Amino acid sequence: MFGVESVNDVAAYCGFIGAILDREVEAAEIRALRPDKLEAAPLFVRQAHRLGLEGVVLAIDNDGAKILHEAHDPGPIPECRHCSLRKVAKIEVVRSWPRPALPPLGFVFGVPVQTIETWLLLARGHPFSGDPHAVGRDSAGRRMLKKWLYDSEEPSSETMQRIATEVTSMVDATALATTSRSFAHFAEQVRAELAPS
Ligand SMILES: [Zn+2]
């Protein structure tokens, strides 16, 4: 199950996870998760368990939040979007529920810095001048990321999904992990939670 900001993000996440695991990944179920309405997350987690799905991916863009999960000290920090999402999702409760005949439900949290477009642009080898993660802290920057990636600040759903599929079909996940710490952290979780042992 994917709990993501937009249905358009699913193509990107399926593509990235497929590249990390080197296999096809299907969305199965899609839910809308907004950064200002994270309280929906635990519901999605329970639904995924009830539906007997393989895993749950909950993802929201960092959008300029100052505390970065990959950079802060251990321990949950309220200002960190990753920590907030993980706390509200209450996965420990669902992890303890039995799943007879099924492998454990996997949980992955994604918080691209600054947005999913950053990961896609880095994957495509976009020539950022300066730190790629400095762009997209404000809404003007996020519009620029869209413009660079989709050649439009307001791309159609079809365009967004087509480009996400194209870019992720060719991505080198190992190389991308060296250019984006948030992606590296995402990839670690995918391997730990969604790869059959
Ligand atoms: Zn954090």
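Two strands count as paired if DSSP finds at least two bridges between them. Helices (H or I, at least four residues) and strands (E, at least two) are DSSP runs, numbered from the N terminus.

## Model and numbering

The model is predicted: local features need pLDDT of at least 70, side-chain atom pairs count only at pLDDT 80 or more, and totals for chains, interfaces and linings use all residues. Residues are numbered from 1 along each chain as its sequence is written.

## The sheet

Four strands form an open sheet in the order β2-β1-β3-β4, with parallel pairing. At its edges are β2 (30–32) and β4 (106–110), each of which pairs on one side only. Neighbouring strands are turned by 15° against each other on average, direction ignored. Such angles run from 0 to 180 degrees between N-to-C directions, and the axes are lines fitted to C-alpha atoms, for helices over the stretch in contact.

Strands β1 (residues 2–4) and β3 (residues 55–59) pair in the parallel sense over 3 bridges. Glycine 3 has leucine 58 in β3 as its bridge partner.

## Helices on the sheet

Helix α2 (residues 41–50) packs on the sheet and touches β1, β2 and β3; its direction makes about 165° with that of β3. Helix α9 (residues 181–194) lies across β3 and β4, running at about 170° to β4. Residues are in contact if their C-beta atoms, placed from the backbone, lie within 7 Å.

## The nonpolar core

A nonpolar core is a set of buried Ala, Val, Leu, Ile, Met, Phe, Trp, Tyr and Cys residues joined through C-beta atoms within 7 Å. A residue is buried if 20 or more other C-beta atoms lie within 10 Å of its own, exposed if 12 or fewer, and partly exposed in between, with C-beta atoms placed from the backbone.

The largest core has 52 residues, and among those with the most contacts inside it are Tyr13, Ile17, Val56 and Trp119. Helix α1 gives the largest share of this core, 8 residues. Leaving aside neighbours within four places in sequence, the contacts of valine 56 include Gly3, Phe44, Ala48 and Phe107.

## Backbone exceptions

Most residues other than glycine have a negative phi, and most peptide bonds are trans. Aspartate 22, in the loop between α1 (8–21) and β2, has a positive phi near 60°. Aspartate 22 is exposed, with 8 other C-beta atoms within 10 Å. Alanine 101 lies in the loop between α4 (91–95) and β4, and its phi is positive at about 70°. Alanine 101 is exposed too, with 5 other C-beta atoms within 10 Å.

A cis peptide bond, with omega about -5°, joins valine 113 and glutamine 114. Glutamine 114 lies in the loop between β4 and α5 (116–124).

Technical notes. Contact = placed C-beta atoms within 7 Å.
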